[in-house]
Amino acid sequence: MSDSEFECTPPEVRVAAERATEGIIPEKKQERYENTYELYSKWCVAKGVQHTSETVLLAYFCEISKQSKASTLWSRYSMLRAVLNFRHNVDISNYAKLKAFLKRKNVGYQAKKSTDIDTFLNNAPIEYLPQKVALIIGISGACRCDELLKMKISDLDILENRIIIVIPVTKTYSSRTFVITKSEWINIIKQYCDLRNNIDSDRFFLQIRFGKITRQPFGHNAIGSFPKKIATYLKLENVNRFTGHCFRRTSATLLANTGGDILQLKKLGGWKSNTVAEGYVENSLHGQIKIANMLSHVENPETSASSSISETHNFEQHGLTLTVNSNHNSNVTINIYNSK
């Protein structure tokens, strides 16, 4: 807004506009957004950049891509897009070259996936019970760390043969519901709930010590380290790569590998964009098998050509002509018409 426009705008209108834009940057993530913008601003100062452009952002992301993985690049892009649009009225979502660069960096990247789920659930001792429950719920509902952190005991409806879980508020500000039906998983959750039954706390995930649940809830960093703790128990390689997002990635991967489509994946994880869901479907084992089966049933060109060869026979009797067409696919066409 120019100075003249600002001066001509009534104060109450400016206040209303400021209030309307307050929700553009998510309040619970505002610090991360500001930190990301600050890093970009410091880089601009160091490079002598005064204005944001597609060329500037391409150079910035090219530099940080040397030390950041694809998912981190997309996360920074998303946060910068919001802050730049809010503060400078710059819409970088229209920067086609920048998006093409980020997509190219995504080629060949595969998210790290948790393994040996059953081994951990069946063999880990009781001090790992909270991690077991988090693993089950996280995979069943494609849960984020923040969703597990804020989960309350009242969010679970524990029935005899199923558990219904509601996440009231998600990152996209909409509720999500999912169901757990596997009996072994239900029994593990019930075991945990029985231990915390007499604890006066509405937070669902509480710490366990010496086989007993305490009133001390897990913090965000502790829950985010659950996948790493599970990977350490299983003696997997590169345990530091098992982040708090592993439950969500594993959930989507398992669904895609069993034939889940884009609509089902979006419903499971609450994704609004098709991009993430498409990536899981395209890279899934089920998808690769489907492609292999399609290729294995491609007909030989010579066979296809021969199948199109047909034979025609004409018969005449009592003034009528009977024409019979047949081919190697056992398709027969009969035409009858008056020959006179």
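**Exercise 1. In which loop does lysine 235 lie?**

Lysine 235 lies in the loop between α12 and α13, where helices (H or I, at least four residues) and strands (E, at least two) are DSSP runs, numbered from the N terminus. Before going further, note that this is a predicted model, in which local features need pLDDT of at least 70 and side-chain atom pairs count only at pLDDT 80 or more, while totals for chains, interfaces and linings use all residues. Residues are numbered from 1 along each chain as its sequence is written, and side-chain values use heavy atoms, with hydrogens and water left out.

The next step is the backbone: phi of lysine 235 is near 60 degrees, a positive value in a residue other than glycine. Lysine 235 is exposed, with a relative accessible area of 75%; here buried means under 20% relative accessible area, exposed over 50%, and partly exposed in between (1.4 Å probe, protein chains only).

Arginine 241 also has its place in the loop between α12 (226–233) and α13 (246–257), and arginine 241 is partly exposed at 46%. Its C-alpha atom is separated by 9.5 Å from that of alanine 231, which is 10 residues away along the chain.

**Exercise 2. Describe alanine 142 by its place, its phi and its accessibility.**

Begin with the place: alanine 142 is found in the loop between α8 (129–141) and α9 (145–149). Its phi is near 50 degrees, which is a positive value in a residue other than glycine. Finally, alanine 142 is buried, with a relative accessible area of 0%.

**Exercise 3. Work out the order and pairing of the strands in the open sheet.**

The open sheet has 3 strands in the order β1-β2-β3, with antiparallel pairing. Both β1 and β3 stand at the edges, each with a single partner strand, so one side of each is left without a neighbour in the sheet. Neighbouring strands of this sheet are turned by 15 degrees against each other on average, direction ignored, with axes as lines fitted to C-alpha atoms, for helices over the stretch in contact, and angles running from 0 to 180 degrees between N-to-C directions.

Now take the pairs in turn, remembering that two strands pair if DSSP finds at least two bridges between them. Strand β1 (residues 156–158) and β2 pair in the antiparallel sense over 3 bridges, and a hairpin of 4 residues joins β1 to β2. Within this pair, isoleucine 158 stands opposite isoleucine 163, and aspartate 157 has isoleucine 164 as its bridge partner.

**Exercise 4. Find how many salt bridges the whole structure holds, and examine some of them.**

A search of the whole structure finds 8 salt bridges, a salt bridge being a side-chain nitrogen of Lys or Arg within 4 Å of a carboxyl oxygen of Asp or Glu.

One of them joins the side chains of aspartate 118 and lysine 182 (3.9 Å, N to O). This pair links distant parts of the chain, with aspartate 118 in helix α7 (residues 117–123) and lysine 182 in the loop between β3 and α10 (183–195), 64 residues apart. Aspartate 118 is partly exposed at 43%, and lysine 182 is partly exposed at 37%.

Another joins glutamate 147 to arginine 144, with the closest N and O atoms 2.7 Å apart. Glutamate 147 is buried at 6%, and arginine 144 counts as buried at 15% relative accessibility. Arg144, Glu147 and Arg176 are linked in a network of salt bridges.

**Exercise 5. Judge which element has the lowest mean pLDDT and which the highest.**

The pLDDT is the predictor's confidence in each residue, from 0 to 100. For the protein chain the mean is 79, and 70% of its residues reach 70 or more. Among the elements of the chain, helix α17 (residues 301–307) has the lowest mean pLDDT (49), and β1 has the highest (95). Over residues 304–308 the pLDDT is below 50, and beyond near neighbours in sequence this stretch has 5 contacts in the model, contact meaning heavy atoms within 4.5 Å. Where pLDDT is low, the predicted coordinates should not be read in detail.
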